[in-house]
Amino acid sequence: MSEPVDCRALFPTGDDAEAWRLASLNPMSSGLKGSSILKIAYEIRAMQDAGNSVCNLTVGDFSPAQFSVPVELREGVDAAFAEGQTNYPPSFGTPELRAAVVSMYERDLGLTYGVDSVIVGSGARPPIYATFSLVVQAGDKVMFCAPSWNNPHYVHINGAEAVKVHCGPETDFLPTRELLEGKLDGVSLICLNSPLNPTGTVFDADQLGGICDLVLEENARREARGDRPLMVMYDQVYWMLTYGDAKHVTPPGLRPEMAKYTIFVDAISKSFAATGLRVGWAVIPEPFALPFRALMGHIGAWAPKPEQLATAKLLNDPEAITRYHGTMKQGLEDRLRALHDGLQAMKAKGLPADSIAPQGAIYLTGRFDIAGRNWNGKVIATDEDVRSFLLEEAGFGIVPLAVFGPKDVVGWVRLSVGAVGLDDIAEGLARIEAALEKLD
Ligand SMILES: Cc1ncc(COP(=O)(O)O)c(C=O)c1O
């Protein structure tokens, strides 16, 4: 055999590499950005590898040592493999899984759909990608709230214009009708998410109902003019994870006429600690089914067949789900409450810490009001200063809320509990208290 061709040696390098990329790829590629959260997570990994104790509250994921997937899911995947279910599933999902999603939405959300409304993908991301591709035309406006997760990337990919609505602590960082009103001109898609990544806060019926009324009024005007409607992407990947009095609500559940305008995005990733299994779906108005099927097929973003069959069995077994959540949800809530109680105890002592009580998802919103204080001979001024202080002084790994887009939130942080134990939290809180007490 002849020598292999060393392709690496043939690529342009240095400035030439950049020039070659710019000359060759779609200009859209230049503005594409990766995840800034992952960069923070790598820094923490390096600290841990160097032997430091870190309470890592950064990644929106689970440690399997803390939260495993339901046993039924694992056994279902094994059984499907053993049966040889390893060929292509239909590109928009197996009939078993699509029917199971329909049953679950009827049973648990009080929404009746046909199987043609369900489009399965490898997690929630491909359905999000498909929604943007199929609803948004280049130059359209897309409205989303700050803070929220990842919308700017999809806006960029689709050549759309972002209409970013800033939501602050007075509305638990969630949008309201009043905040969205007057900004809808030219908007073809509004992205809503509840329970919200990054804050863990949850819409109540009045808040979401008001937004639905606004959409319905806007669409009545658009339809009278013969204009394209305003669609809502409702990302509910955390909907099974609500705590205390918080109750998940949906647009069509509150205002049935919203069914025509709502595209649900959903997955097993968070509700079953199954981020690595890659099963998600969109639930869409049935007339959109053909292009959604075609696009998902062309992307090739279908979920693995054994995982789809196992998910179908699990979703059809409400008792197994209740059993699993009895442990898993309780474990999440215990961690969120431990963090909240710890921060509230510091607040009661007059330390500059605060938090919003847990409502949903795997996140708590915390606040360290330390801007203007002195640390290491310098004044804490930015989100990055707060993050470094918490990590270096207290081994407490957080993500600044500002990473998710809002302005004027120095000191506000996202605390994610899927990868830590109660011991890690207790130790981290003790270190924080000591660090805050030392601040000038
Ligand atoms: C609000 C929200 N939607 C969608 C996703 C993506 O989920 P998946 O891993 O199923 O693609 C995430 C992941 O963090 C999320 O937080």
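**Ligand site, sheets and selected residues of a predicted model**

An oxygen atom of the ligand lies 2.8 Å from an N or O atom in the side chain of Asn 197. The model discussed here is predicted.

Q: Which residues are the closest to the ligand?
A: The ligand is surrounded by 14 residues. The closest of these are Ala 124, Asn 197, Asp 235, Tyr 238 and Ser 269.

Q: Which strands stand at the edges of the sheet of 7 strands?
A: This open sheet has mixed pairing and runs in the order S2-S8-S7-S6-S5-S3-S4. An edge strand has a single partner, so one of its sides is left without a neighbour in the sheet. The strands in that position are S2 (118–121) and S4 (161–166).

Q: What is the average twist from one strand to the next in the sheet of 7 strands?
A: The sheet is open, and its strand order begins with S2 and ends with S4. From one strand to the next, the twist averages 20°.

Q: What angle does the direction of helix H8 make with that of S5?
A: Helix H8 comprises residues 205–225 and packs on the sheet. The strands that H8 touches are S5 (187–193) and S6 (231–235). The direction of H8 makes with that of S5 an angle of about 165°.

Q: Which residue in S8 stands opposite Ala 267?
A: Strand S7 covers residues 262–267 and strand S8 covers residues 280–283. These two strands pair in the antiparallel sense over 4 bridges. Opposite Ala 267 stands Gly 280.

Q: Which residue in S8 stands opposite Val 120?
A: S2 and S8 are paired in the antiparallel sense, with 4 bridges. In S2, Val 118 and Val 120 point one way, whereas Ile 119 and Gly 121 point the other way, and all are buried. In a regular strand, side chains alternate between the two faces of the sheet. The residue opposite Val 120 is Trp 281.

Q: Is Ser 122 buried or exposed?
A: Ser 122 lies in the loop between S2 and helix H5 (125–135). Leaving aside neighbours within four places in sequence, Ser 122 is in contact with Arg 278, Val 279, Gly 280, Ala 301, Trp 302 and Ala 303. Its relative accessibility is 18%, and the limit for burial is under 20%. Ser 122 therefore counts as buried.

Q: What is the relative accessible area of Asn 219?
A: Asn 219 is placed in helix H8. Apart from neighbours within four places in sequence, Asn 219 contacts Pro 229, Leu 230 and Tyr 261. Asn 219 is buried, and its relative accessible area is 0%.

Q: What is the relative accessible area of Asp 213?
A: Asp 213 also belongs to helix H8. When neighbours within four places in sequence are set aside, Asp 213 is in contact with Arg 177 and Arg 255. The C-alpha atoms of Asp 213 and Pro 251, 38 residues apart along the chain, are separated by 9.7 Å. Asp 213 is partly exposed, with a relative accessible area of 24%.

Q: What distance separates the C-alpha atoms of His 153 and Ser 35?
A: His 153 lies in helix H6 (residues 151–157) and is partly exposed, at a relative accessible area of 25%. Not counting residues up to four places away in sequence, His 153 touches Lys 33 and Gly 34. Ser 35 is 118 residues away from His 153 along the chain, and their C-alpha atoms are separated by 9.8 Å.

Q: Which strands stand at the edges of the sheet of 4 strands?
A: This open sheet has antiparallel pairing and the order S9-S10-S15-S14. Each edge strand has a single partner strand, so one side remains without a neighbour in the sheet. These strands are S9 (353–355) and S14 (399–400).

Q: Which residue in S15 stands opposite Arg 367?
A: Strand S10 (residues 363–368) pairs with strand S15 (residues 412–416) in the antiparallel sense, over 5 bridges. Arg 367 stands opposite Trp 412.

Key:
Residues numbered from 1 in each chain as written. Predicted model: local features only at pLDDT ≥ 70, side-chain atom pairs only at ≥ 80, totals over all residues. Heavy atoms only, no water. Pairing = 2+ DSSP bridges. Axes fitted to C-alpha atoms, helices over the stretch in contact; angles between N-to-C directions. Contact = heavy atoms within 4.5 Å. Near = heavy atom within 4 Å. Polar contact = N/O pair within 3.5 Å; in protein donor to acceptor, adjacent residues only side chain to side chain. Buried < 20%, exposed > 50% of the residue type's maximum accessible area, 1.4 Å probe, protein only.
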